[in-house]
Amino acid sequence: MTPGKEVTLTPLSLAVLMALLDGELHGYGIMKAIQSQSGGRIQAGAGSLYAALDRMVRSGWIGERTASSASGEVQRRFVITRAGRAVARAEVERLAALVRLARDHKLIAEGA
Amino acid sequence: MKQLAAANAVYRLALYALPSQFRRDYGEELQQMVAAELREESGRGCMRTWSRLVHECVDVWITAVRVRVEGRPAMHARENNQGDGMLGALRNLRISARTLGRQPSFTLAAILTLGAGVGCAATAFGVWDALLLQPLPHPASERLVMVWRDLPRIAMARAPMSYPTLTDLREQTADSWAGLEAYAGGASALLRGGVEPEQVTGARVTGGVFGLLGNPPLVGRTIGPDDDRPGAEAVVVLSHALWRRYFGGDPQVLGRTIEVRERPHRVVGVMGPEFVFPSARSELWVALRADPEQQQRDVNYLVAVGRLRQGETLTRAQSRLDLAFTRLAQAYPDAYEDSRLWLEPRHEFVVGDARRVLLLGAGAAALLLMIACANLGNLLLVRGLARSRELAVRSALGATRARVAGELISEAAVLAIGGALLAVAVVFMLTRMIVVLAPDALPRRFELGVDARVIVFAGAVALFCALACAIAPVLLRFEPARSTLATAGGSVSQRGRTLQGGFLIAQVSLALVLLVITGLLTSTLTRLLGVPVGFDGDRVLTAHLALPNSRYGSADQIAGFYDQLFARVAALPGVERVGGTWALPFSEDYASSSFIPAGSSEREPFTVSAAPIRGDYFGAVGMRMLRGRNFAAGDRADGESVGIVNETLANRFWPNQDPIGKRMVDPEDPSDVVTVIGVVSDVRRRDLASNVELEVYLPHAQAMWTSGLYVTVRTQGDPLASSSALRAAVHALDPLLPVTRMATLDALVTRSVATPRFRAAIIAAVSAVAVLLTLLGIYSVQAVFVATYRRDLAVRLALGARPGRVIAEVVGRGLRLTLIGTVIGGTLAVIASRSLQALLFQVSPLDPATWLTAITLFSGVAALACWLPARRVGGLDPMLTLRSD
């Protein structure tokens, strides 16, 4: 999958990419970040989250590395790749275009 | 904490649905993540934790199916069709509900199966939870501990202690306790407000008991430390139930007076409905004031309960106790010889033997749940196979495998919702039944109720089972490349049939286990009820009278009352004989003394059950005089002490001799001599399972221990018809005397087997459902076999095969599976029945009659279930069948 090609992301995949923008996180951190960024609207189960992460790693949108945490546990940490940023940017632009369209047609108020 | 561990374990199990590669990659992290989530949710309550767990399990299953059908590489291209997690599944639910509605018989069978299995399991969980896991209804109740005297010589592990023992222990083991208090029974009250006087039982408690337990009163105050001092005002605290029943819940009840232990007591408080202490029968509490004669070191009547100090362990408290008791035993060797003290958490004491009944019930419910799951798996598989053609057409038209799998899963979810709703209804019904029907031996049953935890449990289990059952056929369907149009109408894949056979064998074997256990417990009950009791109780009415000391102070007054009463009752129409006894068999009253034959060199005295009797007691209950004479008016208090012994005692004390005129003595008190004047037939005294005891009957005039007596009346017709006449006769002599414990003697015997009866009833009910489900399973497997192979069968018929032979083959196939199940089930049942040994009476775990009946009965109905669908083969018209495809 190369960036630039038309790709639509699921809300969960996009949320994962957004969560990783600020730096690497482990699975639980991603889940917490998604919950807080979406204001609790996206409530992914652990299984779905890891299935999505697995898929995204295979697509090359995110990378993973193992690190030991403070408590000595080995943890898998995820980081957004250049391709991932591009996909996210493309998706957000698509959404932004949609927002502009909606605003033009008075579906939502200015500044909403 | 325990809950979290359990929840995590459930999730760990749920992970096994994932493809193994995915599980190896991420399983550990998923677990850690969910553990962290659950830990966080647990702070917000138990409901939150469990609903989170259910959500996560469902999520894992959906993921499992998706990962499997989509394959792991490059799945993003289609991800838009799916939606993430639950949302996509929820969208499917409505469609599924509609599809299922079109097949009411399948849907009904699946929901009934699930509802019955899950309902029983959830009820068992609820009972288990309420009785064993929930703490007692006192704050920080885990630190409440009983202190018992163990008397190994008379095999009494939980003996009460004396007042001085309690006060000495309080002093010498003070480091262990936040408080050490005691209670005793015998606080019966006489309530006169109703139609006739009512007797209510209560407990006497030391001043600190309420403080120790920590329950606040609902109204007024509790018994306080000052109330058990000498000279304090007599006060009483009422239970919530008594307050509602007798005072109509009147908040102005404080200050009213009721008569407890024949003295007026002022009501000072009412406890809340949750307060149960020491047992559910206690309805009021008064302060325990030890009179001088109750302060002797060898008068043991106090049940001690303590609250361990914060940080004190049971072991440390026990060693302090041992030390203190050794010192006491040295100081007073006579009072404490041959005994020791031990601690038992109050929760364990209250639950007691119920653990075993609960274990049995939970085991049976678990088996039933497994059977239900096997049945549901079978039904879903059968339905999946029947739809394989439709699915093949749809795949050919471009439906993705993921979509089809999603639909099947969401159908399972709809079934789960229906099953869960039914299960909750079943739980309410069964719990109500248990509260009403359970014997007294099931403690805390009045605290039983259906709460949110049980309902969440039912929902989670229903969902778990339905999805687990649905996943098997889904995975199977996608194993071989796909079911194709070419094969769809004809034969079913080999794997499908293997799985079906497996489900069937599992069901048959589990159902057989339950049947065998039912048989064993039922035979136990029959054997118990078949034990000759030695009396003839079906026409005997009994009632207990306790003459108050204030009005019946002398032996003459007591004797006068009973003589008058017996004369009046004997004159009643339909009454044949009247007598009385202090210790009625199968009642709670029991007394024993130590005796040896006079002149013998026996060192160990025999424990002999002693029962004072009056009037024509033997005649009334139907016992036979074997030798000698009955008591007569001449056996007066000032005469020679005489006794009538039972056959067992006569044979033990004086084998092959004439016991009449022989004497027996109490080795500890040589002045206590009883001369035998007669021998009477044996009776069972305490329960049906134990051996006949050594017994001596004493004339009431010579053994008027208390004023209480059971009146026994033999009637010509139904004894209960005479109950109001008996009451009237008592009240004609003394209108204020309560008549209590009115029952037929047979009813007392029946009540003594309430626990085995309850056990047998539970298991019988569960196995009836199990057998029905299993038959349904066999029937559906056979029906599907006939339906899928009808072409082959029709061809054979067309070629001249005799229908009878074809039917026999189809039946034989079903029977073969049943047989395998029976063999496996038999093996399991051997193991299960061995562990039941303790519950059996005169029945061997391998009792041939029971096993034969169970297997024959089961095989019979199984054969019927095999034959009914096969019968249709005979009706196949070869031409029509072949053309229909």
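1. Helices in this note are DSSP runs of H or I with at least four residues, and strands are runs of E with at least two, both numbered from the N terminus. The model is predicted: local features need pLDDT of at least 70 and side-chain atom pairs count only at pLDDT 80 or more, while totals for chains, interfaces and linings use all residues. Residues are numbered from 1 along each chain as its sequence is written, chains are lettered from A and ligands numbered from 1 in the order in which they are written, and side-chain values use heavy atoms, with hydrogens and water left out.

2. Helix α18 of chain B (residues 494–530) contains Thr518(B). Thr518(B) counts as buried, at 10% relative accessibility; buried means under 20% relative accessible area, exposed over 50%, and partly exposed in between (1.4 Å probe, protein chains only). Its side chain reaches the backbone oxygen of Leu514(B) at 2.7 Å. Residues up to four places away in sequence aside, Thr518(B) touches Ile763(B), Ala764(B) and Ser767(B), where contact means heavy atoms within 4.5 Å.

3. Chain B as a whole has 28 helices and 25 strands. Of its 885 residues, 52% count as buried. Among contacts in chain B between residues at least 6 apart in sequence, 80% join residues at least 24 apart.

4. The size of an interface is often given as the accessible area lost when the parts come together. Here the buried area (accessible area lost by two parts on being put together, 1.4 Å probe, summed over both) is about 2400 Å², and carbon and sulfur atoms give 50% of it.

5. The interface of chain B and chain A holds two salt bridges, a salt bridge being a side-chain nitrogen of Lys or Arg within 4 Å of a carboxyl oxygen of Asp or Glu. A salt bridge joins the side chains of Arg76(A) and Glu29(B), at 2.7 Å from N to O.

6. The largest nonpolar core has 86 residues, of which Val16(A), Leu17(A), Ile30(A), Leu49(A) and Tyr11(B) touch the most other members. Such a core is a set of buried Ala, Val, Leu, Ile, Met, Phe, Trp, Tyr and Cys residues joined through side-chain atoms within 4.5 Å. Neighbours within four places in sequence aside, Val16(A) is in contact with Ile30(A), Ile34(A), Leu49(A), Leu53(A) and Met56(A). A second, separate core of 54 residues includes Leu360(B), Val786(B), Leu793(B) and Leu839(B).

7. Most residues other than glycine have a negative phi, and most peptide bonds are trans. The peptide bond from Phe277(B) to Pro278(B) is cis, with omega near -15 degrees; Pro278(B) is in the loop between β11 (263–271) and β12 (284–287) of chain B. Asn656(B) has a positive phi, near 60 degrees, and lies in the loop between α21 (647–653) and β21 (663–666) of chain B. Asn656(B) is exposed, with a relative accessible area of 84%.

8. Where is Gln842(B), and is it buried or exposed? Gln842(B) is in the loop between α26 (803–835) and α27 (848–874) of chain B and counts as exposed, at 55% relative accessibility. Although not a glycine, Gln842(B) has a positive phi of about 55 degrees.

Conventions. Polar contact = N/O pair within 3.5 Å; in protein donor to acceptor, adjacent residues only side chain to side chain.
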